[in-house]
Amino acid sequence: MYVLLTEDYPPKSGGMATWTYEIAHAFEQMKRPVVVYARRKGDLRKTDETRVRRMGGRNWSLFRDVYLLWYVTQIARLYPGCTLYACNALLGFVPVFLARRLGFKAIVVAHGLDVARPLRGPGLW
């Protein structure tokens with residue numbers, strides 16, 4: 001099972017939304033089970049075979065790591081042994097921290113400003 005953890009997903013437009021959408025559909029074409037957990041509000045309807053779950057919460061810029069602790073723990077419980085892709089560096093700290101403890105693989109994808117901006121610490125970018 002592959003889980004994509006993202007802030008943006010269609011119908012929201014942008015680089016991260018497009019990248020996540022394309023990766024999800026590539027997994028589907030390879031007949032791999034995939035589910036997307038997306039933060040942004042919007043019409044997150046089922047697209048083809050992709051299962052999309054919305055991550056709720058207010059003030060993500062302040063409480064991002066708290067929300068991620070909850071969602072990543074739930075993902076590990078629902079999909080034991082999954083491979084979790086954090087689709088940007090801001091979403092990557094918690095999955096990397098919990099991966100060994102909860103028995104899943106974590107991959108952090110860095111692109112765009114994730115590569116260019118300086119690291120100041122978890123949640124401080």
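Select β2. Val-34, Val-36 and Ala-38 point one way from this strand, Val-35 and Tyr-37 point the other way, and all are buried. Buried means under 20% relative accessible area; exposed is over 50%, and partly exposed lies in between (1.4 Å probe, protein chains only). Five of the five residues of β2 are buried, so the strand is largely enclosed by the rest of the structure. Helices (H or I, at least four residues) and strands (E, at least two) are DSSP runs, numbered from the N terminus.

A word on the model before moving on. This is a predicted model, numbered from 1 along each chain as its sequence is written, in which local features need pLDDT of at least 70, side-chain atom pairs count only at pLDDT 80 or more, and totals for chains, interfaces and linings use all residues. Side-chain values use heavy atoms, leaving out hydrogens and water.

**Zoom in on Val-36**

Val-36 lies in β2, residues 34-38. Val-36 counts as buried because its relative accessibility is 0%. What is Val-36 in contact with, leaving aside its neighbours within four places in sequence? Select Leu-4, Thr-6, Tyr-9, Thr-20, Ala-24, Thr-50, Arg-51, Val-52 and Arg-53. Contact means heavy atoms within 4.5 Å. Now take Arg-53: it is 17 residues from Val-36 in sequence, and the two are 6.1 Å apart in space, C-alpha to C-alpha.

**Widen to the sheet**

Show the strands. Five of them form an open sheet in the order β3-β2-β1-β4-β5, with parallel pairing. The edge strands are β3 and β5 (105-108), each pairing on one side only. Neighbouring strands of this sheet are turned by 20° against each other on average, direction ignored. Two strands pair if DSSP finds at least two bridges between them.

Walk through some of the pairs:

- β1 (residues 2-6) and β2 pair in the parallel sense over five bridges. Tyr-2 stands opposite Val-34 in β2.
- β2 and β3 (residues 51-54) run parallel, joined by four bridges. Tyr-37 has Arg-53 of β3 as its bridge partner.
- β4 and β5 pair in the parallel sense over four bridges. Leu-84 has Ala-106 of β5 as its bridge partner.

Select α1, residues 15-29. It lies across β1, β2 and β4, running at about 175° to β1. Next take α2. It lies across β1, β2, β3 and β4, running at about 170° to β1. Axes are lines fitted to C-alpha atoms, for helices over the stretch in contact, and angles run from 0 to 180 degrees between N-to-C directions.

Now show α2 (residues 60-78) with α3 (residues 93-102). Their axes come within 10 Å and cross at roughly 35°. The contact is made by Asp-65, Leu-68, Leu-69, Val-72, Thr-73 and Ala-76 of α2 and Val-94, Pro-95, Leu-98 and Leu-102 of α3.

**Zoom out and colour by confidence**

The protein has four helices and five strands. From the N terminus on, the elements run β-α-β-β-α-β-α-β-α. Buried residues make up 43% of the 125 residues.

Colour by pLDDT, the predictor's confidence in each residue, from 0 to 100. The mean for the protein is 83, and 78% of its residues reach 70 or more. Where is confidence lowest, and where highest? It is lowest in α4 (residues 113-116), at a mean of 59, and highest in β4 (residues 83-86), at 95. Where pLDDT is low, the predicted coordinates should not be read in detail.
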